[in-house]
Amino acid sequence: MSTLTGTRHLARLILRRDRVLLPLWVLVLAVLPMTYATSFFELFPTAADRAAYAAGTARNPSIVALLGPVYGDSVGALTAQRAGFLLVIVGLASLLTVIRHTRTEEEAGRRELLGGTVLGRYAGLTAALLVTYTADLLLGLLTAAGLASTGLPAAGSYAYGLAATLTGVVFATIGGLAAQLTETAGGARGIGIAVLGAAFALRLVGDTASNDWPSWLSPLGWAARVRPYEGERWWVLALPVAASVLLAAVAYPVSVRRDLGAGVLPPRLGPATAGPALSGSFGLAWRLHRGQILWWSVGFGLMGLILGGAAKGAGRGVEGNPQLEEIMARIGGASGLADAYLGATLSLAGLAAAGYGIQAALRMRAEETTGRAEPLLATGEHRSTWLLSHVVFALLGPAVVLAVTGLAIGVTYGLSVQDVPTELPRMVGAGLAQVPAAWVPAGFAVLLFGLLPRLAPVAWAVLAVCLLLGQLGAVLELDQWLLDLSPFTHTPQVLRDTWSVTPLYALALVALLLALAGLAAFRRRDTPVT
Amino acid sequence: METPIEVSGLVKTFGRTRALDGLDLTVRAGQVHGFLGPNGAGKSTTIRVLLGLLRADAGAVRLLDGDPWRDAVALHRRLAYVPGDVTLWPNLSGGEVIDLLGRMRGGLDPKRRAELLESFELDPRKKGRAYSKGNRQKVGLVAALASDVELLILDEPTSGLDPLMEEVFQHWVRRAKQDGRTVLLSSHILAEVEALCDRVTIIRNGRAVESGTLGELRHLHRTSIDAEVTAPLDGLADLPGVHDLRVDGNRVRFDVDSAALDTALRRLTELGVRSLVSQPPTLEELFLRHYEVAPTEATPAEATR
């Protein structure tokens, strides 16, 4: 039996299981660069417009930190830079896809089921890598074709497309290696994302420093260094190829040397007895939710630091463009534009935090369906206490995350305008103003959990509708009463001069009433409902 | 308190499925009570009603002289429960879960906890995700058996345990009984029930079909006779209460109702007995007799899970 026997069957199984998810991320990530190019053509029709944008915005250190360097004033160069952050997402998607079809399968025991059939030693890893590589290749080709269709030069388009493909390939292989190291898929994802984060940090440091050697060490820095549309340096593409070969050369031997289900890094043991804090529902809920609070805070904090630092530069791109300058003057000059930009940023953070709140509330549902809630509810703990222990985190979590976001924005924006004492409290306040609206969907999730537990995931659909109303409401000129259905419509613009605090109290009250109704319903219903 | 558990006419429906259909169950204080039935007969549903997790649709339920739904919290401090499929939090160690459940019940005996860990050979430092099915079950058992409670409710607690651990489990249930605790043990491992239980209730389709001591249940059923007689066989087949008579030369085999046993043995001795083997019905036979009759009926309630 060859070491690759069965690879084809496994690859088909992966394609069958990912028939929606895989085409979705490939398509979305391939279409976005094309839309960037189109909008650059429309926004900056002349070379002078582009030069002004490149000098003002594209070379602004905060933009370079987020997206990467820009090598020229052409639409192609600007597009390649603008699409720089997509590479992080391509890397993440590739990484997660490989882990999902290797370690996750193994952890769930499904690989064991297949291992009993005719399968070569390398088949599992090869199938996952092959499918992901193919997806990355498709993504690159589609991206290139899309870019070329907007009128950009073909060579540059294919250089960018291939660079995106190979970035995906490197991170897919990193995922393949990470999956061999730990026993749990969560651990493998942690390693992979940490590597991705380190690569991003390296690139950020290299691109903003005077000497860019750190960027040459980062797989996320290579794509830009191919210089699409600005005298392509094709040889740079050999770097990701070589890196992938090296990584695979490590991953394959490790994959056959270890036992099925085992990792290279030993699993850590826990304490033999529980600490004093773990003595009831709240102690347990803290253990179950604390990791999420921490990671959401770290993620939002980093995002806040970057976006806060970029805010001052947001106004610079319009210099020399009379129309945009006029619009800017209307909303209050450069600081007005920065405030509008930060307000929009924070309202997006509010939506994301609402997603966190829903997720935390639905944790109860997971506890119920997996059977973990049952023994707890059969102890001397009251049902209400158990429910409240989770609801507290569904409400507290978004508040903490939004406060941290405001704080981070306040620090970097305050530094950039040299007025931290004013901006810090102002931005923390603006972050906290998003909290009541973010609570409403979480409260709704609690209500569903109590009243119609099987329909609890519908809370996500509610959030999606709010998101659509917010994004498309103005474009589609929807009636105000329809827009008013979304709690986020009622969040006041606290960065403007005048605003009312009443809607915040009202939103908080609505969220609280929804959660209390959920509690009342839960006390009366059967459990578990599966 | 004579009867920690007193259930009569209990009805529980899920949509159109009638999971419990007039169930009666009486558990006496200080006894180990076996609760037998195939998958989907309604054992877990009954237990969840007793725990106040499900609300009864009809019937009377008394648990430790209280109402399991209304007085849930107060009653739960006096009992410990082990589900048939213990699931753990992946990031909590077994020891942490044991202590957590113990504390939420109102404390556990640290000495007994240590003894239990040792006799079940359970490493409490492993994380929940690292335990096998059997070891997860042990975590639940240690947490329950180390608790100072009057009543243990065990729902197929030994699924996934190996035979050695089954022995350990039986030892600890006997010890719980010696300490004066009452145990409701739902099971379909008949050897376990025969070894441990003072009384047994067999349920089927949400209804108790048999209840009593093992002796009483056997008494209601047939004894198998295998005998060699000297005279040609005569007059046995006509006796009431004799079933499945098979004659092979001088050898006769038949089953006989307990009520007709005396008459049948007299008839045999009249014929001259050379050898005689009699077997009381095993629990397995009792069980199969109730469930083999109409297998199509026995599937209404996967919904109870």
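User: How many bridges join strand S3 of chain B to strand S8 of chain B?

Analyst: This is a predicted model. In it, S3 (residues 32–36) and S8 (residues 199–204) of chain B run parallel. Within this pair, His33(B) stands opposite Arg199(B). The number of bridges joining S3(B) to S8(B) is 4.

User: Which strands stand at the edges of the open sheet in chain B?

Analyst: The sheet has 6 strands, in the order S5-S6-S7-S3-S8-S9, with mixed pairing. An edge strand here has a single partner strand, so one side of it is left without a neighbour in the sheet. From one strand to the next, the twist averages 15°. The edge strands are S5 (79–82) and S9 (207–213) of chain B.

User: At about what angle to S6(B) does helix H1 of chain B run?

Analyst: Helix H1 covers residues 43–50 of chain B. The helix lies across S3, S6, S7 and S8 of chain B. Its angle to S6(B) is about 150°.

User: Which residue is the bridge partner of Ala227(B) in S12(B)?

Analyst: Start with the strands. S10 (residues 222–229) and S12 (residues 251–257) of chain B pair in the antiparallel sense over 7 bridges. In S12(B), the partner of Ala227(B) is Val252(B).

User: Which residue takes a positive phi in the hairpin of S11(B) and S12(B)?

Analyst: S11 (residues 242–248) of chain B and S12(B) run antiparallel, joined by 5 bridges. One pairing sets Val242(B) with Val256(B) in S12(B). The hairpin has 2 residues between the strands. The residue with a positive phi, near 65°, is Gly249(B).

User: Which helix gives the most to the side of chain B that touches chain A?

Analyst: In the contact between the chains, 30 residues of chain B meet 28 residues of chain A. Helices H2 (72–76) and H3 (94–105) of chain B each supply at least two residues to that side of chain B. By class, the side has 13 nonpolar, 6 polar and 11 charged residues. The helix that gives the most, with 8 residues, is H3(B).

User: What does helix H3 of chain A span between its end C-alpha atoms?

Analyst: H3(A) runs over residues 47–58. The buried residues of H3(A) include Arg50(A) and Tyr53(A). A straight helix of 12 residues would span 16 Å at 1.5 Å a residue. H3(A) spans only 14 Å.

User: How far apart do the C-alpha centres of domain 1 and domain 2 of chain A lie?

Analyst: Chain A is divided into domain 1 (7–257) and domain 2 (281–524). The distance between their C-alpha centres is 30 Å.

Technical notes:
Residues are numbered from 1 along each chain as its sequence is written. Chains are lettered from A and ligands numbered from 1 in the order in which they are written. This is a predicted model: local features need pLDDT of at least 70, side-chain atom pairs count only at pLDDT 80 or more; totals for chains, interfaces and linings use all residues. Domain bounds come from an automatic or database domain assignment. Two residues are in contact if their C-beta atoms, placed from the backbone, lie within 7 Å. Ala, Val, Leu, Ile, Met, Phe, Trp, Tyr, Cys and Pro count as nonpolar, Asp, Glu, Lys and Arg as charged, and the others, Gly among them, as polar. The expected span of a helix is 1.5 Å times one less than its number of residues. A residue is buried if 20 or more other C-beta atoms lie within 10 Å of its own, exposed if 12 or fewer, and partly exposed in between; C-beta atoms are placed from the backbone. Two strands pair if DSSP finds at least two bridges between them. Axes are lines fitted to C-alpha atoms, for helices over the stretch in contact, and angles run from 0 to 180 degrees between N-to-C directions.
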